[in-house]
Amino acid sequence: MDNLFILLLIPVIGAVFLSFIKETKTAKWLALSIALLELGLTIPFLCHFIPDASIQFEQRFTWIMSLGLDFHIGLDGISLPLVLLTNGLIPLIVLSCFGKNYKGSFFALVSFMQFGLLLVFVALDAFSFYVGWEAALIPIYFICALWGDGDRINVNLKFFVYTFFGSLLMLVALVFLYNQSAINSLEWTALTSLELSETTQRWLFWAFFIAFAIKIPVFPFHTWQPNTYTHAPAGGTMLLAGIMLKMGVYGLIRWLMPIAPFGVVAYGQIIMALCVIGVVYASIIAFKQDDAKRLIAYSSIAHVGLITGGVFSWNLEGLQGSILQMVNHGLSVVGIFFVIDVIHDRTGTRLLTNWGGLAMKAPRLAWLFLLLVMGAVGLPLTNGFIGEFLLLKGMFDYGVWFSVFGALTLILGAVYMLRFYQKAMLGPLPEKHTSFKDIHGYELIVLLVIGFFVLFLGVWPRAILELSEASVVNLLNQIKF
């Protein structure tokens, strides 16, 4: 049943039911069942998708008649990989929380956030996109504020203020564009066909870019991220890093670049420079971290800096690399954050100086963790290799020096990730961790599934590239700089 609206409706219905469940075990299994049902309903879209440049499975409903606003959704080769990523990771994130004492309210927020994420990726009108953008923010704020640790309230207030400020800038831009349209429309086709002056496009560029850059986050809009990732619960961190930041990159491709091409031409090199600075800066800071979650938080800034650079190169290799690497980064970062959570639950600490030698007690964890690390550093035949190669090729075609400095992520990433693995798994085993148990049950399932796709996409990246290629080529032909 290829009904895209049903794909949006199920998480909302699931969130309503889950909010009434007080018993922990029931909540977990119901949440997993809903997430698996959603994943199952996603498979027909993949099977019936034709990898051309068309919008498929389109649906349109009148939403606010007096304003001429429609609820317009559909899929193309750019959005489908992100829908697959979202609906593929949510069951794993839910399963990863089986060891926690979470009631239905936690999983209800996860389910409602899934609705917001999906709406962002399938919206073909800016009003629906904005509703999804805001709908995803509210549940993640409460997830991090209610189930986080440390100074979570102040940290999440900063996160909320940052992202809400960006949202307001985007809203102002959308209201302006709505008034510029002869038919008062926020449809993607209407907005991208507007004849806007170069001056107008310049300020529109910054209104959209700041909103998306905060969410990604791109240097120097990243300051909310390390503390938020560190103090969020494991499930919240996985949602933020694995899926939510992709909303910003997707927004660049779908909305910013087509609406404000003159702005991209005017400020593209500045943004590319920020991306490269972010890659080097975050990689160096990551090397100095002792808290494992904070290390991966900075690692994520470096990776998304490279992904954003691929988008702004605005060529086939750069855009294809960005789409592929969004999927790859989502898989790898969710797996690594789960490994950190597993070790933290058993040792009571996230400090690398208090870890060490765990491979002797947990060989299954050690091997799967090593696979995730190899994927994160882009080892050939793992998922990160082709994505990073395409990104660097795209940036090379845009400007050689951007590619040269961007490539430092390969070297610096290998340094801090291998150091991370060494500190955790190798060396002498502290006496207080001699009772450390290897992964089993749901922990093993989560890491095996992620490990499989790390290898699968490393061997056959065409699985994603073939879906997106025609849509990317069509977009490049429509919007030429």
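**Surface patch and charged pairs**

Helix α1, residues 4–18, supplies the largest share of the nonpolar patch, four residues; helices here are DSSP runs of H or I, at least four residues, numbered from the N terminus. This is a predicted model, where local features need pLDDT of at least 70, side-chain atom pairs count only at pLDDT 80 or more, and totals for chains, interfaces and linings use all residues. Residues are numbered from 1 along each chain as its sequence is written, and side-chain values use heavy atoms, without hydrogens or water.

Now the salt bridges, meaning a side-chain nitrogen of Lys or Arg within 4 Å of a carboxyl oxygen of Asp or Glu. The structure holds twelve. In one of them, lysine 100 meets aspartate 341 at 3.0 Å, N to O. Lysine 100 sits in the loop between α3 (80–96) and α4 (104–122), aspartate 341 in helix α13 (residues 316–347), and the two are 241 residues apart. Lysine 100 also forms a salt bridge with aspartate 345, again with closest N and O atoms 3.0 Å apart.

Are these residues buried or exposed? Buried means under 20% relative accessible area, exposed over 50%, partly exposed in between (1.4 Å probe, protein chains only). Lysine 100 is buried at 16%, and aspartate 341 is buried at 10%, whereas aspartate 345 is partly exposed at 48%.

Last, lysine 293 in helix α12 (residues 292–313). Lysine 293 is buried but has no salt bridge, and aspartate 149, its nearest side chain of opposite charge, is 5.8 Å away.

Notes. Lys, Arg positive; Asp, Glu negative; His and termini not counted.
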